[in-house]
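Thanks, everyone, for making the time this morning.

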Amino acid sequence: MSNVQVAVVTGSNKGIGLAIVRALCKQFQGDVYLTSRDPGRGQAAVAQLQQEGLHPLFHQLDIDDLQSIRALRDFLKEKYGGINVLVNNAGIAFKVHDTTPFAVQAEVTLKTNFFATRNVCTELLPLMKPYGRVVNVSSMVSSSALRGCSQELQQKFRSDSITEDELVQLMTKFVEDTKRGVHDKEGWPNTAYGVSKIGVTVLSRIQARLLNEQRKGDHILLNACCPGWVRTDMAGPKATKSPDEGAETPVYLALLPSSADAPHGQFVSDKTVKPW
Ligand code: NAP
């Protein structure tokens, strides 16, 4: 088993994920895994970074596929005995003018952004080594979507005692409510992406709490963040930040020094803790 430290970034064949890998290759003392659901796109991204003189490693990962997650888990466990840095970056968004029915958008968006990200956490968080760093890439849209929820839902999502099961039930209910055409009446905002990112931010708060309860002595720090509005295929060319600029806050959280005991369980934007 290797003593080398290891960092893993999901959905890193392009966009912010690729920029996070680029920055980690320069700043992280250890192996950095660029992962992609499509090996061809992943290897092309590795080749691009190699042209820049960087040396990421590659592993396939489709977060929608539990077998793929478990294959990566087993590989990391065997080769490194755990993980030092995990960045959950993979995500999707329908374009604003997409005419796909809202209920379908809700199901598809929640499937990847919330349920699949949660599956990655379920499989990989137990592998986190002491002083490990976990970054869940959420969005400021999670905050605006939260404000668009009914008071009752807002209270639940801000609760310091909400459980992972309760969160899963709420995310499932959102998808079902959209199918029945009652999501409005049930207090949900009109954004599937926003609700999926509420899920990511609240999941991060819950996971941080569980780490406090179960692994306090291990000094693991886990946070959700917003990269900003970033010029990628997702956000388009008008966005204000370059991918490298978008990577700054996730990389800051991924590389918090071992002496740090905060932030933890926070929602961070521009390297600053934001109120939830
Ligand atoms: P992007 O350019 O569309 O890249 C998304 C990445 O996620 C791609 O590598 C994509 O792979 C991957 N991905 C999607 N589904 C996947 C799956 N099932 N398994 C593995 N990988 C998967 O988007 P981006 O702007 O870089 O977004 C990265 C993260 O930042 C997302 O979580 C997004 O919600 C968040 N974010 C972005 C902005 C922004 O302004 N861009 C703002 C706030 C938050 P493929 O190439 O195979 O599709």
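Predicted model: local features only at pLDDT ≥ 70, side-chain atom pairs only at ≥ 80, totals over all residues.

Let me begin with the second largest pocket, which holds about 260 Å³ of space; the search ran on a 1 Å grid over the protein atoms alone, and a pocket is an open set of points with protein on both sides within 12 Å along at least five of seven lines, while a cavity is a set of points where a 1.4 Å probe fits but cannot get out. For the volumes, grid points are joined across faces, edges and corners, and a volume is the space filled by probe spheres set on the points. Residues are numbered from 1 along each chain as its sequence is written, and side-chain values use heavy atoms, with hydrogens and water left out.

The second largest pocket is lined by R118, C121, T122, L125, P126, E164, Q207, L210, L211, Q214 and R215, where lining means having an atom within 4 Å of a point. The largest share, 4 residues, comes from α8. By class, the lining of this second largest pocket divides into 5 nonpolar, 3 polar and 3 charged residues; here Ala, Val, Leu, Ile, Met, Phe, Trp, Tyr, Cys and Pro count as nonpolar, Asp, Glu, Lys and Arg as charged, and the others, Gly among them, as polar.

Turning to the largest pocket, we find about 1,300 Å³ of space, lined by 45 residues, of which G91, I92, A93, Y193 and M234 are the closest to its centre. The elements that contribute two or more residues to this lining are α1, α4, α5 (140-147) and α8, and α4 gives the most, with 4 residues.

What takes up the space of the largest pocket? That space is taken by the ligand, by the criterion that more than half of a molecule's atoms lie within 2 Å of the grid points. Around the ligand there are 29 residues, the closest being R37, N89, Y193, V230 and T232, counted when one of their heavy atoms lies within 4 Å. This shell has 12 nonpolar, 10 polar and 7 charged residues, and α1 (15-27) and α8 (192-214) each supply at least two of its members.

As for polar contacts, meaning pairs of N or O atoms within 3.5 Å, an N or O atom in the side chain of R37 is 2.7 Å from an oxygen atom of the ligand, and a polar side-chain atom of Y193 lies 2.6 Å from a ligand oxygen atom. D62, in turn, places a polar side-chain atom 3.0 Å from a nitrogen atom of the ligand. Altogether the protein covers 94% of the 890 Å² of accessible area that the ligand has on its own, as computed by the Shrake-Rupley method with a 1.4 Å probe.

There is also 1 cavity of 30 Å³ or more, lined by N88, A90, N113, T117, V137, K197 and V200, with α4 (102-124) and α8 each giving two or more of those residues.

Finally, the backbone. Most residues other than glycine have a negative phi, and most peptide bonds are trans. A262 and P263, however, are joined by a cis peptide bond with omega about -5 degrees, and P263 is found in the loop between α10 (248-254) and β7 (267-269). H219, in the loop between α8 and β6 (221-226), has a positive phi near 60 degrees.

Technical notes:
Polar contact = N/O pair within 3.5 Å; in protein donor to acceptor, adjacent residues only side chain to side chain.
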